[in-house]
Amino acid sequence: KWITGVTYFLFGQNLVGAFLIFGLVAVIGSYFWYRALVDAVPFVNRRLFFICLMFAPSIVFWPSSLGKEALMQLGVGAVAWATSLAYQGKFLRALPLMAGGWLLFTVRPHLLALVTLAAAVPYFFGRIGGLKAGSILKRPIGMVAVGVLVIFTVTAGAKFLGIQNLSVESLQDELDEETARTSKGGSSFSHGSNSLSPISVPNGVVTVLFRPFPWESRSGLQLLASLESAAVIGLIVFRFDSIRLAFKRCRRYPFILYCMILLLLYSMTFSAFANFGLLNRQRSLVLPALYALIALEPALARDDDRLDHVQQPDSVDG
């Protein structure tokens, strides 16, 4: 409400003008995602990634109006770029972008908890500060700071959602309440169960990222959403080598692991939604992470390997 008031004060009380301003904010968030990936990973099909970010229907449509999605697109994108810079040891450049974390904390603290958790895992287990800085013992202070940040954001997110204690039972109850709350309206669907078992994770990933399928559509808008999901699935199949490359290089390039962990956590959280309309809207914020994996280019990765081999001389025994 405060940002809307500032927008109306500066540009006049015009709804179309506010849509344009908020839409521009969302585009800036998409650009932050672009910079995050191309700065962190050298083997990216930049044109493909840029086209996906700027023209994918869900990313273009849902954050384009006066609402929270535009602000969250900016916040998540800023945090993604800050995370990318932090993995490269460029902490001073990352600091201004941390304002995106404040935006997430103000509007949706649970979303800040997800991106913080996703960023923490690669920081602990990935190669931070360049390819030669792989020792986990070189960053104990940073690990403590990240641990404190994770505790703070997770606690704030749980408080925002009304979770009294972080137990399996409390999380299960919250997921069941979300299912009951969202299983209304013309876009509702049969959800099944909210099992926290690892066996249910693949089903959650498919539900959040790709449903509804064409045969599940009950309206023209749902059919359009399902066609977009079908196109994304086809793109994944066509560029499956990129997905395989992501798994091979995720520790060497921590930002790739960040994208993978974020997709996993997002799917586990929002798979409780039993409404396709809400799912389409919510997943627009995490689709850039999926497109980042699709945009990895195996041919460029082989060139990067050859360049790395040339720059590192063979060791000579004494």
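Me: Over residues 313-318, how many contacts beyond four places in sequence does the model have?
Reply: One, and pLDDT stays under 50 there. pLDDT is the predictor's confidence in each residue, from 0 to 100, and a contact means heavy atoms within 4.5 Å. This is a predicted model, in which local features need pLDDT of at least 70 and side-chain atom pairs count only at pLDDT 80 or more, while totals for chains, interfaces and linings use all residues. Residues are numbered from 1 along each chain as its sequence is written, and side-chain values use heavy atoms, with hydrogens and water left out.

Me: And residues 131-137, how many such contacts?
Reply: The model has 13 beyond four places in sequence for that stretch, where pLDDT also stays under 50. Where pLDDT is low, the predicted coordinates should not be read in detail.

Me: What does the chain average?
Reply: A pLDDT of 85, with 88% of the residues at 70 or above. Helices are DSSP runs of H or I with at least four residues, numbered from the N terminus.

Me: Is cysteine 259 buried or exposed?
Reply: Buried, at a relative accessible area of 1%. Cysteine 52 is buried as well, at 9%. Buried is under 20% relative accessible area, exposed over 50%, partly exposed in between, with a 1.4 Å probe and protein chains only.

Me: Which residues of helix 11 are buried?
Reply: In helix 11 (residues 201-210) they are Gly204, Thr207, Val208, Leu209 and Phe210. Their cover includes helix 12 (220-238), helix 14 (254-270), helix 15 (276-283) and helix 16.

Me: Now voids. What is the volume of the largest cavity?
Reply: About 40 Å³. A cavity is a set of points on a 1 Å grid over the protein atoms alone where a 1.4 Å probe fits but cannot get out, and lining residues have an atom within 4 Å of a point. Points are joined across faces, edges and corners, and the volume is the space filled by probe spheres set on them.

Me: Which residues line the largest cavity?
Reply: Ser58, Leu209, Ala225, Glu228, Ser229, Val232, Arg283 and Leu287. Helix 12 gives the most, with four residues.

Notes. Helix = DSSP H or I, 4+ residues; strand = E, 2+ residues; numbered from the N terminus. 1 Å grid on protein atoms, 1.4 Å probe; cavity = no way out; pocket = protein on both sides within 12 Å on 5 of 7 lines; lining within 4 Å.
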